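User: Could you take me through how the strands and helices of this model are arranged?

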Amino acid sequence: MTLRYIASVSFGKDSLAMLLLLLEKEMPLDEVIFYNSEMEFQAIYDIRDRMRPVLEQRGIRFTEVKPDAPFLYYMLEKPINSRKNGFHHGYGWCGGPCRWGTKLKMNALDSLALDAEKHYVGIAADELDRLEKLKAPKCSPLAEEGITEADCLEYCYQRGFFWEENDVRLYDILDRVSCWCCKNKNRKELKAIYQYLPHYWSRLKELQAQIPMPMKPYSRMGVPYGNVFDLEKVFEREIREESSVPLSKRRAA
C-alpha cells in the first residue's frame with residue numbers, strides 16, 4: 001500500500017506558511033487540497049495560482065474541490081424546513097452557531113484524505129483549542145516547529161506573499177482573510193471592508209437585500225443597526241466625524 005501525505009491549504013497566512021515550510025524542509029507531500037467556496041477574496045485565488053506551478057514542478061498533485069452545489073444556492077435558495085424558523089429558502093449568513101459553510105468544507109476535505117498516512121493542517125502553535133482537537137492522521141507542522149499565527153504572517157511576508165487588493169494588504173485591515181461574506185467578521189473588519197474594499201461591500205449589500213436576517217446583531221441605545229445597509233450609514237457617519245478631527249489630534253489618539 002502506497003503511503004499518502006496530504007496538505008489542506010486555504011492559502012491564508014497559516015496554511016500557506018505550512019505549505020512553504022513543508023516545501024522548504026522537503027517533507028513528504030503528495031497532494032495539496034484546496035476547498036474553493038467561490039466566496040474567497042481574490043488575493044486568495046491569486047496566491048493559489050502563484051503556487052500551482054511550484055507544486056507541479058515538484059510533482060505534487062493539486063486538487064481543487066467545490067461544494068456539490070454553489071455556495072449561493074445553500075445561502076439563498078435551498079429549501080429548508082426547521083423547527084425554529086419553519087419553511088424558508090437558504091441558510092442565510094454563514095457564521096456564529098450556523099456554520100453550514102464550514103461543515104461543507106470539512107466534509108469535503110476529510111473525504112479526500114481518508115487514506116492519508118499524514119494529513120497536514122495549518123494550525124499555528126498558539127491555537128491551543130484547535131490543536132487539542134487534532135486526531136491522527138491530521139497533524140500540525142506549524143505547532144511542531146513552534147510557529148505562531150504572528151510568525152506565519154511574517155514568514156509569508158518574508159517570502160513575498162502579501163494578499164494585496166485595491167492597494168491594501170488584507171492582513172493590515174482584517175484579522176482573518178476568510179470568505180468575504182463570513183458572518184464572523186467583527187465590526188472593525190466590516191468597517192475596513194466598507195472603507196477600503198468597496199467592491200466586496202457592494203456584494204455584501206446584494207446579499208443582505210436577499211437575506212431577512214441582519215448580518216450582525218449590533219444595536220445602539222436599543223436601536224438595531226446590524227443590517228448591512230444600516231451599518232453603512234453608521235460607518236459613513238463615523239468616518240466623516242473622524243476626518244473632521246485635526247490630524248495632530250488623530251496622531252495623539
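**Strands and helices**

Analyst: Strand β4 (residues 79-82) pairs with strand β5 (residues 86-89) in the antiparallel sense over four bridges; strands (E, at least two residues) and helices (H or I, at least four) are DSSP runs numbered from the N terminus, and two strands pair if DSSP finds at least two bridges between them. This is a predicted model, in which local features need pLDDT of at least 70 and side-chain atom pairs count only at pLDDT 80 or more, while totals for chains, interfaces and linings use all residues. Residues are numbered from 1 along each chain as its sequence is written, and side-chain values use heavy atoms, with hydrogens and water left out.

User: Which residue in β5 does Pro79 stand opposite?

Analyst: β4 and β5 form a hairpin, with three residues between them. Within this pair, the residue in β5 that stands opposite Pro79 is His89.

User: What is the order of the strands in the open sheet?

Analyst: The open sheet has five strands with parallel pairing. Its edge strands, each pairing on one side only, are β3 (61-65) and β7 (138-139). The order is β3-β2-β1-β6-β7.

User: At roughly what angle do the axes of α1 and α7 cross?

Analyst: Axes are lines fitted to C-alpha atoms, for helices over the stretch in contact (heavy atoms within 4.5 Å), and angles run from 0 to 180 degrees between N-to-C directions. The axes of helix α1 (residues 13-24) and helix α7 (residues 149-158) come within 8 Å, and they cross at roughly 65°.
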